[in-house]
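Q: I am new to this structure. Can you walk me through reading its pockets, its cores and its annotated domain?

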Amino acid sequence: MKKSLLTLLAVAAMSTTALAADVKPALVYGTGGKFDKSFNEAAYNGAEKFKAETGIAYRDFEPTGDTQGEQAIRNFASRGFNPVVAVSFAWTSAIEKVAAEFPDTKFVIVDSVVDKPNVRSVVYKEEEGSYLVGILAGMASKTGKVGFVGGMDIPLIRKFECGYEQGARAAKADIQVFQNMTGTTGAAWNDPVRGGELTKNQIDQGADVIYAAAGATGLGVLQTAADNKKLSIGVDSNQNHLHPGSVLTSMVKRVDLAVYNAYTDTKNDKFTAGVQALGVKEDGVGAAIDDNNKSLITPEMQAAVDKAKADIIAGTIKVHDYTSDNACPK
């Protein structure tokens, strides 16, 4: 009996070790830097939460160009990392190639869809979160003019802008919305100087609330708005604390959840492939209100956002998705 018990304990110990060995997380960021205070940093925070809770370390890589992303993804897979999470639409073709080469490795891509049996694709309903912050912008604006500064000019960022515009018009039908994109390459995510220049130009035209959806470029948007005593809106991570009293709100996109869930599900042997679409209903996107900005949010503004959230969840409000037809209703 004693020998049998010892054997069982040994087998259990071996099983635990084998399970732990299967979880060797890796993370590849989008270009723009790990500590962009926005998209990439949200992913980092999700990985850090997993590490803090489980004690399981992860490896990460910050590509500075498009070719480095594929190299990093393949390198992690070849060295037995599992799962490998890639945060950026830019790594779509890389994940398609590498996932086919390593069918036993689990992959996750954020902001794009890859149809492979070992890939989880996490996408967000950015238009819904942007609609909520658009309502706040429209209600907060004194000039009836608001702005938007995007990063790379791609349909995904147009999706942010279109949702924002719809929300602003819902709050103030005749509001004027200025919009600029920073560039057409990956460098557009990491150009705060250009972000500041575009913001100043919109302010000069009368905009008094400017929404940034531009990665690290957005830091220049928020700074310029604060310097000119105007309001800004952050994105992806909660950026309210960067300029308290100047950042009206942040459109929080829970990229941290995508990373944390990928690692946790793999650890618990509950990983599933396929598409996950996270919107207001799933708490995947929202408008951040905390001690840093609550003085800027009137009871009427809070009530308007709460109603819009409820209506989106109920289906009473359907925010148009720019990527469905590459158009934004006027």
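Q: How much space lies in the second largest pocket?
A: About 190 Å³ in this predicted model. Its lining has 14 residues, and those closest to the pocket centre are D283, V285, G286, A287 and K309.

Q: Which elements each supply at least two residues of that lining?
A: Look at strand β12 (285-287) and helix α10 (299-314). Helix α10 gives the most, with 4 residues.

Q: Now the largest pocket. How much space lies there?
A: The volume is about 320 Å³. The lining takes in 27 residues, with T31, F39, S88, F89 and W189 closest to the centre.

Q: Which elements each supply at least two residues of the lining of the largest pocket?
A: Three names to find: α2 (39-54), α6 (155-171) and β9 (231-236). Of the elements, α6 contributes the most to this lining, with 3 residues.

Q: How do the residues of this lining divide by class?
A: The lining of the largest pocket holds 14 nonpolar, 8 polar and 5 charged residues.

Q: Next, the cores. What is the general idea?
A: In soluble globular proteins, nonpolar side chains tend to be buried together. Now take the case here. The largest nonpolar core has 62 residues. Within this core, V87 and Y164 touch the most other members.

Q: Which helix gives the largest share of this core?
A: Helix α5 (residues 126-140) does, with 7 residues.

Q: Which residues does the second, separate core include?
A: A26, F76, A77 and V114 are among its 18 residues.

Q: Last, the annotation. Where does UniProt place the domain?
A: An unreviewed UniProt entry puts "domain: ABC transporter substrate-binding protein PnrA-like" at residues 35-320.

How values were computed:
Residues are numbered from 1 along each chain as its sequence is written. This is a predicted model: local features need pLDDT of at least 70, side-chain atom pairs count only at pLDDT 80 or more; totals for chains, interfaces and linings use all residues. Side-chain values use heavy atoms; hydrogens and water are left out. UniProt positions are given in the numbering used here, feature names are shortened, and annotations may be inferred rather than shown by experiment. On a 1 Å grid over the protein atoms alone, a cavity is a set of points where a 1.4 Å probe fits but cannot get out, and a pocket is an open set with protein on both sides within 12 Å along at least five of seven lines; lining residues have an atom within 4 Å of a point. Grid points are joined across faces, edges and corners, and a volume is the space filled by probe spheres set on the points. Ala, Val, Leu, Ile, Met, Phe, Trp, Tyr, Cys and Pro count as nonpolar, Asp, Glu, Lys and Arg as charged, and the others, Gly among them, as polar. A nonpolar core is a set of buried Ala, Val, Leu, Ile, Met, Phe, Trp, Tyr and Cys residues joined through side-chain atoms within 4.5 Å. Buried means under 20% relative accessible area, exposed over 50%, partly exposed in between (1.4 Å probe, protein chains only).
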